[in-house]
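Look over the sequence and the model before reading on.

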Amino acid sequence: MSRIVYLNGDYMPEEEAKVSIFDRGFVMGDAVYEVTSVLGGKILEFEGHMARLERSLSELQMVCPLSREDWLAIHHELVTRNELVDGMIYLQVSRGNAGDRDFHFPPAGTPPTVVLYTQSKPGLADDPKAKVGIKVISIPDLRWHRRDIKTVQLLYPSMAKMAAEAAGKHDAWFVEDGFVTEGSSNNVYIVKGSKIITRQLSHDILHGITRASLLKYAAEAQMEIEERPFTIAEAQAADEAFFTSASAFVMPVVEVDGAAVGTGKPGPVATRLREIYLEESLKRTV
Ligand code: PDD
């Protein structure tokens, strides 16, 4: 069965969804996106993802084309039409079809291109990797300096994932000025003693929706949080490491640049935080 996708107001089979060759998302990477998880047919962290979408668009002087009610209705319609149980909904808004290639933004009022589609991942919350943890390499952070805007400019993160795979590992952590910024598609943390350490929010990292909720739940559970940058050496000497993202939730990291972190197995803090995160966010689905 082919997927039913959403394009500019209409639902259609994926094969029929066509976008102009002049679309600014295609020629300029001039588009923003969100990835929202679905578990048991219900949407996680909806308000958080919509708030970030609105912010990304406004930082790029784009008008948010739909209300939160409309976005939610489309998410629900796609879940229903595709009988989605576990997986993700991908949402992208580009600056639209400028009629020709031009560095200047098209005139105000040019309609954006709005695309949403589902990605089915049965058993998304039971990823076996969460039981054994993942291994990462570090690479220089060569991305632009507005990483807080969730743009579709993902070439460097793709290259980072390919470099990790070539090294026989799962992911790459970006390093800038001697400190870890974030993972190729996730926010990263270490645990030392009783402290959970993660980089503070700035233009240097994406303001993860999973990160925000996780820090809130951790604080509610009386866990100690320190928001500051850390180095690869600190991560290698930490008791535990982990990352968060909408599609992986909380994922233990057991090796950094060939050195085992802690025991080399998922630690109690990451394991507990994964449980807490899933438990709490499942209470808040829409
Ligand atoms: N990636 N940092 C980067 C660079 C990311 O691409 C992501 C998300 C995150 C985590 O943000 P959140 O918790 O809101 O998912 C941090 C998504 C999942 C993706 O590109 O598929």
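## Pocket and cores

In this predicted model, domain 1 (4–123) and domain 2 (129–282) each contribute at least three residues to the lining of the largest pocket. The space in this pocket comes to about 1,200 Å³. Its lining is made up of 45 residues, and those nearest the centre are Tyr33, Lys161, Ser184, Ser185 and Asn186.

| Kind of lining residue | Number |
|---|---|
| Nonpolar | 19 residues |
| Polar | 16 residues |

Several elements supply at least two lining residues each, including strand 3 (31–39), helix 2 (46–59), strand 9 (179–183) and strand 13 (240–245). Helix 5 gives the most, with five residues.

In soluble globular proteins, nonpolar side chains tend to be buried together. The largest nonpolar core here has 24 residues, and the members that touch the most others are Leu214, Phe242, Phe249 and Leu273. Elements that each supply at least two residues of this core include strand 10 (187–192), strand 14 (249–256) and helix 8 (268–283). Helix 8 gives the most to the core, with five residues. Domain 1 (4–123) and domain 2 (129–282) each provide at least three residues of this core.

Which residues does Phe249 touch, leaving out those up to four places away in sequence? Among them are Ser37, Leu39, Leu44, Leu124, Phe243, Arg274, Tyr277 and Leu278.

Another core, of 21 residues, lies apart from the largest one, and its members include Met62, Trp71, Ile74 and Val93.

How values were computed: Residues are numbered from 1 along each chain as its sequence is written. This is a predicted model: local features need pLDDT of at least 70, side-chain atom pairs count only at pLDDT 80 or more; totals for chains, interfaces and linings use all residues. Side-chain values use heavy atoms; hydrogens and water are left out. On a 1 Å grid over the protein atoms alone, a cavity is a set of points where a 1.4 Å probe fits but cannot get out, and a pocket is an open set with protein on both sides within 12 Å along at least five of seven lines; lining residues have an atom within 4 Å of a point. Grid points are joined across faces, edges and corners, and a volume is the space filled by probe spheres set on the points. Helices (H or I, at least four residues) and strands (E, at least two) are DSSP runs, numbered from the N terminus. Ala, Val, Leu, Ile, Met, Phe, Trp, Tyr, Cys and Pro count as nonpolar, Asp, Glu, Lys and Arg as charged, and the others, Gly among them, as polar. Domain bounds come from an automatic or database domain assignment. A nonpolar core is a set of buried Ala, Val, Leu, Ile, Met, Phe, Trp, Tyr and Cys residues joined through side-chain atoms within 4.5 Å. Buried means under 20% relative accessible area, exposed over 50%, partly exposed in between (1.4 Å probe, protein chains only). Contact means heavy atoms within 4.5 Å.
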